[in-house]
Amino acid sequence: MIVILKPNVDENSEAFQQTWDSLRKLPNIRLQRHSVLGQQQHLTEIYLVGDTSKIHREEIESLPAVERAIRISDEFRILGRHHDNHRITGFNYNGIHFDQDSLHIFAGLCAVDNPKNVEIMMKALQERRLQCTRMGAYKPRTNPYSFQGHGKACLPYVFELAGKYDIKVIAMEVTHEDHVEEIRETLEKTGNPTGVMVQIGTRNTQNFELLKAIGKQSDFPVLLKRGFGITLREFLNAAEYLASEGNDNVIFCLRGMKTAFSDAHRNMVDFPYVPVVKRLTRMPAGVDPSHSVGSREASPDGILDIFHATAQGVIAGANLILVDFHPYPKDALVDGPQALRLEEMDHFLEDIRIVRAAYEKRLELIKE
Ligand code: PEP
Ligand code: MN
């Protein structure tokens, strides 16, 4: 059971103390306190851990600091929605709000190669008023002899250029908890010119020790990719590892599945699950069309498969698009063949605007 306290309740108040004392007296129940920071308010949730079947919800709801109590399933305790449509569905980070209604585009380099290309990319984003990007510094590669990313060495110029072009959030994959420390140190040394959303890639979705380590810090939100060979429930449970350690600023990201039937694309696009993730959890759901499709093939209508896949995510209500661009794809050190070109950016953004407007019309229709 989750007990949701009244907004902004002071933990030194009498109402809080009285509530806490009553809850503490419940037999064989352990209490876990959890803070949820929404756009306007600060909520405290108390988890009653143990057999709560004999506890009456009404009794809990009559305690002075309690707004309401929700019965929850054992799964996705913190991030789950539990049929309650009033739980906070997002978070603020570095001036940007992420929730199940927002849509943010993280266009950028799959892998950072040199300062010149980082600058071209960020300038292009600023010209289009985009404040988020993706920049790969630590690249998990299938082949140990492939370029592994510039790692820590590129962080200073990536962060400084982000500051110069008013980029607020960089999605950056980490494969080891030390990388988070390197990011934190470099941000501090460069005067915190930008923010980082730590990305956990498809190969590490179920690296539980990594998840626990990253869940222990709350400075950086987390973009968690779905493992390419795991069920949706396994994916949501993986995210719960982050939340159960204290970090519930999580965005889910679908990126396609490896199957024997995905021969037309690098992975089988799984974007119809966007609404499912939003129904089962209270956090935003994003899509990565680049790593799903993995090529620049176009259909006879002239539209690139990556554009089509993006549209399929957006029409389903996706909250984030993670997409590879490169100013000179031929020179890209990783995933050049799937990168979109800067000349395509305006077209790509317009395509998203059209589809998002259609999604918003679908929302109006359902409200009528
Ligand atoms: C990436 O986004 O750069 C990446 C490697 O993605 P994934 O983990 O989904 O393969
Ligand atoms: Mn890539």
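Predicted model: local features only at pLDDT ≥ 70, side-chain atom pairs only at ≥ 80, totals over all residues.
At least three residues of the core come from each of domain 1 (2-87) and domain 2 (103-367). In general terms, nonpolar side chains tend to be buried together in soluble globular proteins.

If you look at Phe 98 and set aside residues up to four places away in sequence, you will find that it touches a number of others, including Phe 91, His 104, Cys 132, Met 197 and Pro 284.

Now let me turn to strand β14, residues 320-324. Why can we call this strand largely enclosed by the rest of the structure? The reason is that 5 of its 5 residues are buried, so the rest of the structure largely encloses it. Leu 320, Leu 322 and Asp 324 point one way from β14, while Ile 321 and Val 323 point the other way, and all of these are buried.

As for its neighbours, strand β7 (residues 104-108) runs parallel to β14 and is joined to it by 5 bridges, with His 104 standing opposite Leu 320. Strand β13 (residues 285-287) also runs parallel to β14, joined through 2 bridges, and here Val 287 stands opposite Ile 321.

Which residues are the protein donors of the manganese ion, ligand 2? They are Cys 110 through SG, His 291 through NE2 and Asp 335 through OD, lying 1.8 to 2.3 Å from the ion. Distant parts of the chain are linked here, since Cys 110 sits in the loop between β7 and α3 (115-127) and Asp 335 in the loop between β14 and α11 (345-367), 225 residues apart. Cys 110 has a relative accessibility of 3%, and therefore counts as buried.

Next, a word on helix α4, residues 155-164, whose buried residues are Leu 155, Tyr 157, Val 158, Phe 159, Leu 161 and Ala 162. These buried residues pack against α3, β9 (169-173), α5 (177-189) and β10 (195-200). Just after the helix, Asp 166 takes a positive phi of about 60 degrees.

Finally, there is an open sheet of 4 strands, in the order β2-β3-β1-β4, with antiparallel pairing. At its edges stand β2 (30-37) and β4 (66-70), each with a single partner strand, so one side of each is left without a neighbour in the sheet. On average, and ignoring direction, neighbouring strands of this sheet are turned by 25 degrees against each other.

Within the sheet, β1 (residues 2-5) and β3 (residues 42-49) pair in the antiparallel sense over 3 bridges, and the bridge partner of Ile 4 in β3 is Glu 45. Helix α1 (residues 14-24) lies across β1, β2, β3 and β4, and runs at about 140 degrees to β2.

Methods:
Residues numbered from 1 in each chain as written. Chains lettered and ligands numbered in written order. Heavy atoms only, no water. Domains from an automatic or database assignment. Contact = heavy atoms within 4.5 Å. Buried < 20%, exposed > 50% of the residue type's maximum accessible area, 1.4 Å probe, protein only. Pairing = 2+ DSSP bridges. Donors = N, O, S within 2.8 Å, 3.2 Å for Na, K, Ca; no water. Axes fitted to C-alpha atoms, helices over the stretch in contact; angles between N-to-C directions.
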